[in-house]
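Hi,

Here is the structure I promised to pass on. Have a look at it first, and then read my notes below.

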Amino acid sequence: MPFDQAQLLEQIAQIQHRIDQAAQRSQRDPASVRLIAVTKTHPMLRVNAVLAAGIHDVGENRVQEAEEKIALQTPEAVAQTRWHLIGHLQRNKARRAAKLFSLIHSIDSLKLAEILNRIVDEEANVIPQPLPILLQVNVSGERSKDGFELTGGVRNPAWLDFVADVRAIAQLPLIDLQGFMTIAPYSDDVEGVVRPCFRALRDVRDALEQQLDRPLPELSMGMSGDFEVAIEEGSTFVRVGTALFGAR
Ligand SMILES: *Cc1c(COP(=O)(O)O)cnc(C)c1O
């Protein structure tokens with residue numbers, strides 16, 4: 001797809017409109033839903049175009065690719081951009097990720113959270129404390145999905161083990177657990193498959209707010225094909241690539 005700033009502005013306006021409509025359908029404040037432009041595989045030209053259009057939340061799924069793009073930014077642009085890590089994080093890249101990203105959506109084990117907590121301690125002069133994170137949860141049972149395995153959400157037999165892990169993560173002093181992220185299966189069956197997945201994550205969040213007696217406000221859910229359903233089910237971050245830029 002040839003790049004065209006006017007067309008990008010039009011796409012952003014359309015998506016923002018759909019976000020607003022979905023929020024209103026579920027009696028939510030549209031401002032409680034933030035659009036993350038997913039720029040993975042797209043060149044820096046597009047990141048700059050998104051920023052120029054007033055979108056300051058940018059998502060990448062690989063540490064290396066984000067690192068290369070951030071290196072191309074001016075210090076002023078870096079200060080204005082919130083980079084989100086939405087892809088799987090390997091332990092050996094945790095240090096680099098903690099330095100680069102405003103929010104890591106893909107924490108998938110207590111061990112990884114503990115490693116990050118130690119890194120934040122060691123890098124106190126370069127990493128803000130506490131470090132904001134989300135826990136990625138696989139509630140759909142799709143084997144290809146990363147995250148804590150919790151098919152069916154609160155009804156999973158391993159629920160209490162999951163609660164124990166989340167409690168331990170919430171107690172790490174230099175980590176700020178803000179909520180949860182999930183990826184729904186690709187399916188045409190919105191009511192039978194997609195919506196139940198988002199609802200299951202929201203139920204997981206609601207139950208943990210009770211158990212831990214603290215707010216866990218963020219739900220990162222919804223992509224190009226399903227962000228409106230996700231908003232209806234409580235999403236606060238939608239991660240949109242294809243609907244903004246066309247197919248990768
Ligand atoms: C690529 C990606 C997205 C964006 O997907 P689109 O369908 O292009 O909007 C969202 N979330 C994650 C985790 C991704 O890897």
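**What I found**

Pro 130 sits in the loop that runs between helix H6 (110-122) and strand S5 (131-138); helices (H or I, at least four residues) and strands (E, at least two) are DSSP runs, numbered from the N terminus. The peptide bond leading from Gln 129 into Pro 130 is cis, and its omega is near -5°.

Before you go on: this is a predicted model, where local features need pLDDT of at least 70 and side-chain atom pairs count only at pLDDT 80 or more, while totals for chains, interfaces and linings use all residues. Residues are numbered from 1 along each chain as its sequence is written, and side-chain values use heavy atoms, with hydrogens and water left out.

Another loop to look at lies between helix H1 (5-25) and strand S1 (34-38), and it holds Gln 27. Gln 27 has a phi near 55°, which is positive although the residue is not glycine.

Now the ligand. Where does the ligand sit? It takes up the space of the largest pocket (a molecule sits in a pocket if more than half of its atoms lie within 2 Å of the pocket's grid points). A pocket here is an open set of points on a 1 Å grid over the protein atoms alone, where a 1.4 Å probe fits, with protein on both sides within 12 Å along at least five of seven lines; lining residues have an atom within 4 Å of a point. The lining of the largest pocket has 28 residues, with Lys 40, Ile 183, Tyr 186, Met 223 and Arg 239 nearest the centre. Helix H8 (190-212) and strand S9 (237-240) each give at least two residues to that lining.

Which atoms meet the ligand through polar contacts (N or O pairs within 3.5 Å)?

- Ser 224: a polar side-chain atom is 2.5 Å from a ligand oxygen.
- Arg 239: a side-chain N or O atom is 2.9 Å from a ligand nitrogen.
- Gly 241: a backbone N or O atom is 2.8 Å from a ligand oxygen.

Cheers

Definitions and conventions. A polar contact is a pair of N or O atoms within 3.5 Å; within protein, one must be able to donate a hydrogen and the other to accept it, and residues adjacent in sequence count only if both atoms are side-chain atoms.
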